[in-house]
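Visitor: Hi! Could you walk me through this one? I'd like to chat about side chains and what links to what.

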Amino acid sequence: KDPLEGSRGQQASTGPLTIPYNSAATLTWASTNADACTASGDWTGTEPTSGTQSTGSLTASKTYTLTCNGPGGVAVASVTVNVVSPTPTVSLKANGSTGTIAVDYGSVVSLTWTSTYTSSCVASGNWAGAEPTSGSLTTWGLINSTTYTLTCSGSGGTAVSSVTVNLAAPPATGKKTTICHATGSTSHPYDLITIANEALAAHRSHQGGRDIIPAPASGCPKS
């Protein structure tokens, strides 16, 4: 006789036991006519002929085997503890916000995202391709309202997050706007210039979005 059980709370089992992700099970065993027992599989070492031991917090399924020896031979018992994979999550933001945001025509938009319990992410909608499970991306000079979707997968399933960027109406054509145009110089960082409204989208992405549109009434920054 050499039963090996796994238990969590009031549930005990000599067969497979299922527990939540990152929780623990208690191993319990008892033997008769045995002089020594040895653990193998996902635990190792010499064990008493009867006892209990916690598995510690588990993030993957484990199998525990106990072999006990006595004058009459050898007895072996095993128990498998299955861990339920956690549900993945993903959060995609545009300019730090979820859901739907509104920005000016031609604006620079920063996408950021985080996920948990995922191994891969794929972009769709107005972007495409594989993306890391967390990261950031800058889009330049948007001229159309856009929806970005990110689908992330893990052993526990799939999670999806989307964000929509709505654009204000484009500036009237045939007119002009005065802006602070970034020069890249530390001593003279901006030039005050007046441009056709049709060129505003390009200037919004100039030098990583450093142009100031429109120029402040007080003038361009000096530093």
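Visitor: Let's start with Y64: is it buried or exposed?
Guide: Y64 counts as buried, with a relative accessibility of 4%. Keep in mind that this is a predicted model.

Visitor: Noted. How many aromatic pairs does a search of the whole structure find?
Guide: The search comes up with five. In one of them, W43 and Y64 sit edge-to-face, at 6.0 Å centre to centre and with 85° between the planes.

Visitor: Which parts does that pair tie together?
Guide: W43 belongs to the loop between strand 5 (36–41) and strand 6 (45–47), while Y64 is in strand 8 (residues 62–70), so the contact ties together parts 21 residues apart in sequence. W43 is buried as well, at a relative accessible area of 6%.

Visitor: And which cluster do ring pairs link up there?
Guide: W29, W43 and Y64 are linked into a cluster by ring pairs.

Visitor: Nice. What about W113 and W127, how are their rings arranged?
Guide: Their centres are 5.4 Å apart and their planes stand at 75°, so this pair is edge-to-face. W113 is in strand 12 (residues 109–116) and W127 in the loop between strand 13 (120–125) and strand 14 (129–131), so parts 14 residues apart in sequence are tied together.

Visitor: Are those two buried or exposed?
Guide: W113 is buried, its relative accessible area being 3%. W127 is buried too, at 7%.

Visitor: Changing topic: how many disulfides does the structure hold?
Guide: There are three disulfides. Counting bonded cysteines along the chain, they follow the pattern 1-2, 3-4, 5-6.

Visitor: Take C37, then. What does a disulfide join it to?
Guide: C37 is joined to C68, with an S to S distance of 2.0 Å. The link of C37 and C68 is right-handed, with 110° about the S-S bond. Since C37 lies in strand 5 and C68 in strand 8, the bond ties together parts 31 residues apart in sequence.

Visitor: How accessible are those two cysteines, buried or exposed?
Guide: C37 counts as buried at 0% relative accessibility, and C68 counts as buried at 3%.

Visitor: Next one: how far apart are the sulfur atoms of C121 and C152?
Guide: They are 2.0 Å apart, and the two residues form a disulfide. That link is right-handed, with 110° about the S-S bond. C121 is in strand 13 and C152 in strand 16 (residues 146–154), so the pair ties together parts 31 residues apart in sequence. As for burial, C121 has a relative accessible area of 2% and is buried, and C152 counts as buried at 0% relative accessibility.

Visitor: What handedness does the link of C180 and C220 have?
Guide: The link of C180 and C220 is left-handed, with -100° about the S-S bond. The sulfur atoms of this disulfide are 2.0 Å apart. C180 lies in strand 18 and C220 in the segment after helix 1 (200–204), so the bond ties together parts 40 residues apart in sequence. Both C180 and C220 are buried.

Visitor: While we're there, how many residues of strand 18 are buried?
Guide: Five of its seven residues (176–182) are buried, so to speak "mostly covered".

Visitor: And in which sense does strand 18 pair with strand 19?
Guide: Strand 18 and strand 19 (residues 190–196) pair in the antiparallel sense, over seven bridges. For example, T177 has I195 in strand 19 as its bridge partner.

Terms used
Residues numbered from 1 in each chain as written. Predicted model: local features only at pLDDT ≥ 70, side-chain atom pairs only at ≥ 80, totals over all residues. Heavy atoms only, no water. Buried < 20%, exposed > 50% of the residue type's maximum accessible area, 1.4 Å probe, protein only. Helix = DSSP H or I, 4+ residues; strand = E, 2+ residues; numbered from the N terminus. Pairing = 2+ DSSP bridges. Phe/Tyr/Trp six-rings, centres within 6.5 Å; stacked < 30°, edge-to-face > 60°. Disulfide = S-S within 2.5 Å.
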